[in-house]
Every structure is written in structure tokens, then in C-alpha cells.
Amino acid sequence: MKKTKLGEFEELVLLTVIVLQEEAYGVEIKRELESRLKNSLSVGSIQSALKRMEDKGYLTSEFGAATPKRGGKRKKIYSATQEAHRVLEEIKAIRAGLWASFPNSFLNLGPI
Amino acid sequence: MSNQPKRLPPKWPLAFLRWFLKPEFIEEIEGDMEEIFQDLLIDHSARSARLLYSWEVLRLLRPNLIRHIQFNHRLNFTDMARHNLLIILRNFLRYKSTFIINLIGLTTGLTCAFMALLWVQDELEIDRFHTQDDQLYQVLQTIHFDKGKETITSVPAPLSDALVAEHPEVKSAVEVIPPGWMYESSIIRNGKESVRIEEQYVGEDFFEVFSFPLIAGDKEQVLKTKNEVLISASIAQKLFGTTKNLLGKDILWEHEDHPGSYVISGVFADPPKNSTLQFEVLFHFDLFLESFDFLKEWGNSEPNVFVVLEKGVDITDYQQKIGPLISQKVEDYPHTLMV
């Protein structure tokens with residue numbers, strides 16, 4: 001995981017973007033994550049994570065359709081890059097490796 | 001919901017949001033915020049929805065979302081410096097004599113200032129190596145004439161012992177007869193090796209008062225008897241070719257008043273350059289006193305006396321006390337002391 005620099009929250013947002021596919025824009029990402037985390041999130045935290053990952057090259061974005069509910073402003077649809085997929089796989093493999101190396105007594109408790 | 005009249009987000013937070021966001025994010029985030037506001041209106045009153053919206057706006061204040069603070073006047077330092085340098089060189093070429101005068105004036109001034117700084121620094125180093133430097137004082141005597149007065153370093157010989165005995169403020173004191181004070185130079189020898197010296201006579205507590213390090217010998221034990229001598233490292237080199245294993249050895253002193261054989265009781269490192277006292281051979285003060293019996297009187301003055309005061313003694317208070325000391329010992333003695 002050398003120098004991938006993906007924070008925990010960033011990783012969650014990135015996964016959500018991939019899950020939501022065409023619907024991956026700010027408010028929808030927020031809703032999805034809130035329902036999964038059972039916790040309320042601010043627009044600021046989501047947006048700043050999105051912009052950060054866009055700078056790092058894990059996300060690309062393009063403007064989508066405007067809706068009346070948005071006061072006529074266009075949505076910005078995010079999608080993950082190849083690089084993002086690679087990094088996510090890498091993190092998953094490292095975690096899986098760690099879980100596999102767990103002492104047996106702990107394995108009995110089962111993963112969270 | 002579509003039938004209801006559309007409600008708009010509060011004006012001021014919206015304006016604030018438009019102001020602080022990076023321009024390229026405004027459309028997207030403003031749209032997101034409006035969508036959230038409409039959602040809030042479903043579950044909340046208009047009033048609390050507006051409040052929550054404003055709170056959400058404040059939470060958008062994040063370093064990577066807000067616009068950069070821009071300064072209009074960026075200074076071009078390299079070009080400016082280059083230009084100034086060019087102007088300087090042109091002026092030098094145009095006003096050559098002024099340039100030379102300025103150059104000489106500035107260099108001289110700077111050199112003088114630096115020299116003065118080095119000199120002052122050197123002066124400040126004087127005698128700082130003594131560990132009790134802040135408590136160390138020399139006793140001076142002021143001679144009062146009919147017209148005017150003069151301050152000298154000579155004080156009565158019994159003063160040193162009297163100060164330690166009678167003044168609790170004085171921790172230790174020592175008499176010093178500096179080299180060449182009374183006698184011309186003389187010769188000390190070890191067999192064939194000889195060296196011409198100017199001796200210094202000091203009292204017992206010399207190494208107590210001052211911090212001259214002893215290479216050989218115990219500072220508590222030296223200067224107890226009149227027939228011992230302490231020599232500096234360089235004198236030891238000249239006479240013996242070494243500074244080691246010299247304790248107890250004899251040297252011969254060819255002296256007009258007290259010639260004879262003396263036992264080496266200590267070898268000290270040469271006094272550093274920043275020391276006021278410069279000496280190479282030390283003899284006992286009593287040896288000196290033997291030759292000048294009259295000095296045992298309070299009315300006569302010869303040795304220099306240095307004292308170490310106790311910690312915390314107020315020097316101005318002590319001046320009052322030591323001032324009339326000699327006139328208490330001798331009748332009709334108008335001269336005063338100071339430290």
C-alpha cells in the first residue's frame with residue numbers, strides 16, 4: 001500500500017461512488033453513506049473528500065442533468081478511475097491477508 | 001411536493017457560500033445544498049430548515065473547498081534585485097569619487113565597529129574563569145592628602161587575616177605581592193638547568209580565592225610552609241623537561257634576601273591570557289614578610305589583598321563597613337578602604 005494515501009473516510013466515499021454508478025453525485029453519496037453508517041454527515045465532509053480524491057486521480061467527474069429540486073443547477077456525477085480500483089483491491093488484499101493471519105482464538109469471534 | 005410553492009434557501013448563507021467557495025465548485029455544491037434544503041423542508045419547519053441549512057453552509061468551510069486568498073501585488077523579487085544592482089553599478093561608474101569616498105568611509109566604519117566589538121568582548125572575558133568571580137573583590141586603599149586623594153592597591157599586611165576573623169561577610173582573603181613588586185628578577189635552578197624569574201608571594205588561601213588549576217599538588221595542602229615553592233607548567237618544562245613527578249623535589253633559589261633550597265609542593269597551569277594576575281613562581285607570603293618586618297604594622301601598606309565575600313552580601317553596605325577599618329586599628333589614620 002505504498003504511497004496510495006487513501007484515508008478511511010475517503011475509502012468509504014470511493015466505494016459508495018462505485019456502488020452508485022450513474023447516480024453518484026454529492027447528495028446521493030451522502031444519503032447512501034448516511035444510511036449505511038447510520039450516522040449523519042455534512043455536505044462539507046463529503047465534498048472535501050471528493051475533491052481530494054479527484055486531485056489524487058482516483059475520481060473523475062462530469063456535469064449531469066439539472067433538476068428543478070436543485071434550483072436548476074446541474075449535478076456532478078463522479079466515477080472511479082482504474083487507479084482507484086487498483087488501490088481498493090490492494091487495500092482489500094492487505095486486510096484479507098491480515099484477517100487470515102488472525103490467531104484462531106480470535107477467529108472464533110468472527111469478523112465484525 | 002411539486003404542488004407546493006417552492007421555497008428558497010435563506011439569502012445570506014447562500015451569498016456567503018457563493019463568496020467563499022472556489023468558483024469552479026459553486027454550481028455543483030450550491031445545487032447539492034438546495035436539494036438538501038428541499039429535503040429538510042419535508043421533515044422540518046421552514047425556520048429550522050433554514051437554520052440547519054446555515055449550519056451546513058458553515059460546515060462547508062474546508063481548506064480545499066474555499067477560495068484562495070489572493071494578493072494583488074505580487075512582488076517580483078529577482079527582477080527587482082537585479083534592476084537595483086544595475087542601478088547601483090551605473091551610479092558607481094558615474095560618480096567614481098563619491099563611490100570611493102563612500103566605500104572607504106563605510107569600510108573604515110565597519111572595521112572600527114567590529115574591532116571595538118572584539119575588544120570589548122575580550123575585555124569582558126577578563127578574570128571570568130574564576131568560579132567565584134561574582135563574589136571576588138580586590139581591597140583598595142584611598143589616601144587622603146591635604147588637597148585631593150589617590151586610590152592605590154597597597155593595603156596593610158595584617159588586613160587579610162583581620163578581615164576573615166572579624167568580618168562575617170568575608171569568606172576568604174589572600175595577600176598577593178605581584179611579580180617584580182619589590183625585587184629585581186632572580187634565578188632558580190635545578191642542577192645545571194636554570195631560569196630567570198620574577199616571583200610572586202601569596203598567602204595560604206591563594207588557590208581558595210582564585211581558580212587557577214593545579215596540575216600537581218593539593219590546593220588544600222599547598223602554601224602551608226615558608227620553604228615551599230609552586231611553579232608553573234612552563235617553568236617545570238624548562239627546569240625538569242616535564243611536569244610530572246615533581247612534588248617533593250628541591251630547587252635552588254639565588255635570591256638577595258632569602259636564598260636557599262625550596263621544596264616543590266605544586267605545579268599549576270600557566271595563568272590564562274585573560275587573567276589579571278600573571279605569575280610563574282609562587283612563594284609564601286610570610287617569606288616576604290620576614291624581610292620587611294615593619295609591614296606587620298597596620299600603619300604600613302604593601303600587599304594587594306583579594307577577598308571572596310559570602311553569597312548575598314550587599315556590596316554597597318559592605319563598603320560602609322570596610323571603609324574606616326584601618327583608622328579603627330591605627331590612631332590618626334585618615335585613609336579609607338574600599339572593595
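At what angle do helix α1 (residues 8-20) of chain A and α2(A) pack? Hold that thought while I set things up. What we have is a predicted model, where local features need pLDDT of at least 70 and side-chain atom pairs count only at pLDDT 80 or more, while totals for chains, interfaces and linings use all residues. Residues are numbered from 1 along each chain as its sequence is written, and chains are lettered from A and ligands numbered from 1 in the order in which they are written.

Okay, the helices. They're DSSP runs of H or I, at least four residues, with strands being E runs of at least two, numbered from the N terminus. The angle is about 110 degrees, and the axes sit 10 Å apart; axes are lines fitted to C-alpha atoms, for helices over the stretch in contact, and angles run from 0 to 180 degrees between N-to-C directions. So α1(A) is roughly perpendicular to α2(A), a label that covers 65 to 115 degrees.

Who touches whom? On the α1(A) side, A:L12, A:V13, A:T16, A:V17 and A:L20 make the contact, and on the α2(A) side it's A:E28, A:I29, A:E32 and A:L33. Contact means C-beta atoms, placed from the backbone, within 7 Å.

Now the loops. Most residues other than glycine have a negative phi. But A:Q21, in the loop between α1 and α2 of chain A, has a positive phi of about 50 degrees and isn't a glycine. A:Q21 counts as exposed because it has 10 C-beta neighbours inside 10 Å, and the cut-off for exposed is 12 or fewer. A:K38, between α2 and α3 of chain A, also isn't glycine and has a positive phi near 50 degrees.

Conventions:
Parallel < 35°, antiparallel > 145°, perpendicular 65-115°, else oblique. Contact = placed C-beta atoms within 7 Å. Buried ≥ 20, exposed ≤ 12 C-beta atoms within 10 Å, placed from the backbone.
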